[in-house]
Amino acid sequence: SCRISVLNSAILLQGYGLTSEALRRMTELAITSPVSPSLYPTLATVLLGSGLCMTGSFFLYEVTKTKSNRALRSELILAFISAVLLGFGTLFLLLWVGVYV
């Protein structure tokens, strides 16, 4: 199906006057992922698991500390790390199931 799509694109672009050499060079420059698709399940699992642990750590920090003992810097660091881990974990989860974003 991918090869048919490339051929259809080549036929369409020939209508715009591009040479076959230019089309050949364009088809050779395929866009590839910097991360191997075989790593998507592992990355999704590890990042989501780590993000959930950090979220739990943030929750425990908020519950166990009194209002006067809390530090804004610690809260922001925990929240930022958990948000980044959960965000990338969600990205790799979507890539794993075939939703290419």
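**The ring pair and its surroundings**

Author: The UniProt record, an unreviewed entry, places the feature "transmembrane region" at residues 43–64 and 76–99. Its positions follow the numbering used here, its feature names are shortened, and its annotations may be inferred rather than shown by experiment. The model is predicted, and local features need pLDDT of at least 70, side-chain atom pairs count only at pLDDT 80 or more, and totals for chains, interfaces and linings use all residues. Residues are numbered from 1 along each chain as its sequence is written, and side-chain values use heavy atoms, with hydrogens and water left out.

The chain has four helices and zero strands; helices (H or I, at least four residues) and strands (E, at least two) are DSSP runs, numbered from the N terminus. Residues 43–64 are 100% helix, with end C-alpha atoms 31 Å apart. Residues 76–99 are 92% helix, and their end C-alpha atoms also lie 31 Å apart.

Now to the rings. A pair of aromatic rings is described by the distance of the centres and the angle of the planes. One aromatic pair is found in the whole structure. Tyrosine 40 and phenylalanine 92 form this pair, which is tilted, at 5.8 Å centre to centre and 45° between the planes. The pair links distant parts of the chain, since tyrosine 40 is in helix H3 and phenylalanine 92 in helix H4, 52 residues apart. Rings of Phe, Tyr and Trp (its six-membered ring) pair if their centres lie within 6.5 Å; planes under 30 degrees apart count as stacked, over 60 as edge-to-face and the rest as tilted.

Tyrosine 40 has a relative accessible area of 6%, so it is buried. Phenylalanine 92 is also buried, at 11%. Buried means under 20% relative accessible area, exposed over 50%, and partly exposed in between (1.4 Å probe, protein chains only). In the chain, buried residues make up 16% of the 101 residues.

Neighbours within four places in sequence aside, valine 35 is in contact (heavy atoms within 4.5 Å) with Tyr40, Leu43 and Phe92. Valine 35 and phenylalanine 92 are 57 residues apart in sequence, but 9.9 Å apart in space, C-alpha to C-alpha. Valine 35 counts as partly exposed because its relative accessibility is 24%.
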